[in-house]
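Hello,

Here is the structure for your files. Please read the notes below it before you set anything up.

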Amino acid sequence: MNPLTSSSTAERAAPVPAAEHPAAAQHGTGRRTAPSPGGRYARLVQLAGRDFLPVAFVARLPLAMLTVGALTLATAVNDSYVVGGLAAGAVGIGSALGGPLMGHLADRLGQRAVLLVSALAHAVAIGLLLVTAHASAGPGAPAVPLLVGASLLVGATCPQVGPLARVRWRGLVGGNRRELDTALSYESTADELTFVLGPALVGLLASVVAPWSPFVLAAILTLTMVTTFAVHPTRLAVPSVSREDRRRAAARPVTGRERLLVLLPVLGMVAMGAFFGAVQNGLNAFGGEFGIQSATGLLYAVLGISSAAAALSVAWWPPSFRPASRWVVSSGAMAALSMLFLLPGGIGPMLVVLLLAGLPLGPAMVTIYTIGGDVARPERLGTVMTMLASGVVLGSAVGAALAGLLAETAGHRGAFTAAVGAACAMVLISAALALLRHRER
């Protein structure tokens with residue numbers, strides 16, 4: 001018997017006193033606590049405990065710091081934007097490859113074991129990156145292949161806190177659709193905020209201390225906060241699948257329709273990531289034309305603010321507005337509003353466009369995660385959640401690369417056409433899923 005599997009099964013079954021943690025109490029007894037008088041988001045604290053939200057929020061910060069951190073470090077030590085781009089791209093590719101593998105292992109071995117091992121491996125990978133960044137392949141020549149390889153390893157080992165937190169919420173809410181919408185709305189908002197705060201931390205530390213300092217902070221946060229998240233009692237709420245159920249599920253063939261139902265949300269996240277990457281590069285080109293290229297991150301943060309606010313609103317959307325329909329409507333709004341990026345000729349109008357264009361993004365992400373969890377088999381929930389998150393990372397790299405090529409020939413408007421294309425692709429993908437779900441009825 002696999003010792004990791006055995007310990008994971010034991011930890012899920014281990015009783016935790018109700019007074020010690022509400023999440024563990026709910027999971028252990030099967031009873032639901034009374035609704036919180038503080039509102040729907042206060043209910044999340046009641047379900048998971050007061051410490052879970054801050055722990056899970058801070059634990060996902062390292063992932064938000066990695067791409068920009070690798071770009072900053074590699075550019076500084078090599079004095080080359082090309083090498084910086086290669087390092088940042090390697091982090092993205094590593095995360096896109098390692099994320100689903102981590103989710104698969106979490107499904108089989110339990111989240112605690114996988115997160116603890118990945119936290120340690122990630123800290124070691126960061127140390128390796130810092131060493132290779134300052135190593136030399138010859139007199140004064142940085143070891144670029146080693147640097148890119150270490151960046152790939154850093155991305156591949158980064159703990160997938162956000163997707164695995166969503167898996168926990170599905171167990172914590174116990175099938176309550178309203179509470180699930182609230183939890184996933186919060187998670188999307190947390191993702192948005194960390195991906196605004198992460199690059200800001202990198203910029204601040206790199207300029208005030210040194211380009212290597214953001215990675216030191218990332219390693220400290222990984223070893224402390226990811227470890228805390230790994231052992232948090234909410235892990236007990238993850239739906240457990242017995243070995244017998246897993247054998248039966250493995251014996252049941254996966255149909256083409258099932259594969260398509262999972263593939264479409266993943267493709268939707270790739271399109272979403274491509275939109276993000278294209279907008280980032282479009283804003284970079286836009287800022288360059290106005291002499292404010294260094295403010296690209298601040299401009300992009302405006303998009304994240306409206307997206308995060310709109311994501312929170314999903315908790316109050318009517319249950320009759322089903323996820324498939326929500327995805328079609330939000331992606332249609334994305335496509336329509338993305339065309340506004342082609343219009344601004346100044347900073348003020350661009351800020352207005354960013355606020356408007358961000359409104360459908362949060363609801364779209366909440367909805368895609370909801371659909372992905374709905375169509376996933378219980379024994380593959382972690383795998384699907386991490387595939388969705390990896391889709392965003394992969395799409396961002398593709399969108400940024402395509403927008404960069406278009407910006408070279410057609411300026412910022414050319415770059416923004418890549419964002420429009422990604423939003424239109426999202427419409428087609430959402431429509432395909434809605435049609436497929438409609439035929440099931």
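Predicted model: local features only at pLDDT ≥ 70, side-chain atom pairs only at ≥ 80, totals over all residues.

Residues are numbered from 1 along each chain as its sequence is written, and side-chain values use heavy atoms, with hydrogens and water left out.

Salt bridges

A salt bridge here is a side-chain nitrogen of Lys or Arg within 4 Å of a carboxyl oxygen of Asp or Glu. That rule gives nine salt bridges.

Arg166 and Asp191 form a salt bridge, with N to O at 2.8 Å. Arg166 sits in helix α9 (residues 161–172) and Asp191 in helix α10 (residues 177–208), so the pair ties together parts 25 residues apart in sequence. Helices are DSSP runs (H or I, at least four residues), numbered from the N terminus. Both Arg166 and Asp191 are buried. Buried means under 20% relative accessible area, exposed over 50%, and partly exposed in between, with a 1.4 Å probe and protein chains only.

Arg177 and Asp374 form a salt bridge too, at 2.4 Å from N to O. This pair links distant parts of the chain: Arg177 is in helix α10 and Asp374 in helix α17 (residues 361–375), 197 residues apart. Arg177 is partly exposed, at 34% relative accessibility. Asp374 is also partly exposed, at 32%.

Glu258 pairs with Arg377 in a salt bridge, and their closest N and O atoms are 3.0 Å apart. Glu258 lies in helix α13 (residues 256–289), and Arg377 in the loop between α17 and α18 (381–440), so parts 119 residues apart in sequence are tied together. Glu258 is partly exposed, at 22% relative accessible area. Arg377 is buried, at 7%.

There is also a network: salt bridges with shared partners join Arg60, Arg166, Glu187 and Asp191.

Helix α16

Helix α16 (residues 347–358) has 12 residues. Its span from first C-alpha to last is 16 Å, close to the 16 Å expected at 1.5 Å a residue. The expected span is 1.5 Å times one less than the number of residues.

Which residues of α16 are buried? They are Met350, Val353, Leu354, Ala357 and Gly358. Seen down the axis, the buried residues of α16 fall within an arc of 120°, so they line one face of the helix. The arc is taken over the directions from the helix axis to the C-beta atoms.

Best wishes

Notes
Helix = DSSP H or I, 4+ residues; strand = E, 2+ residues; numbered from the N terminus.
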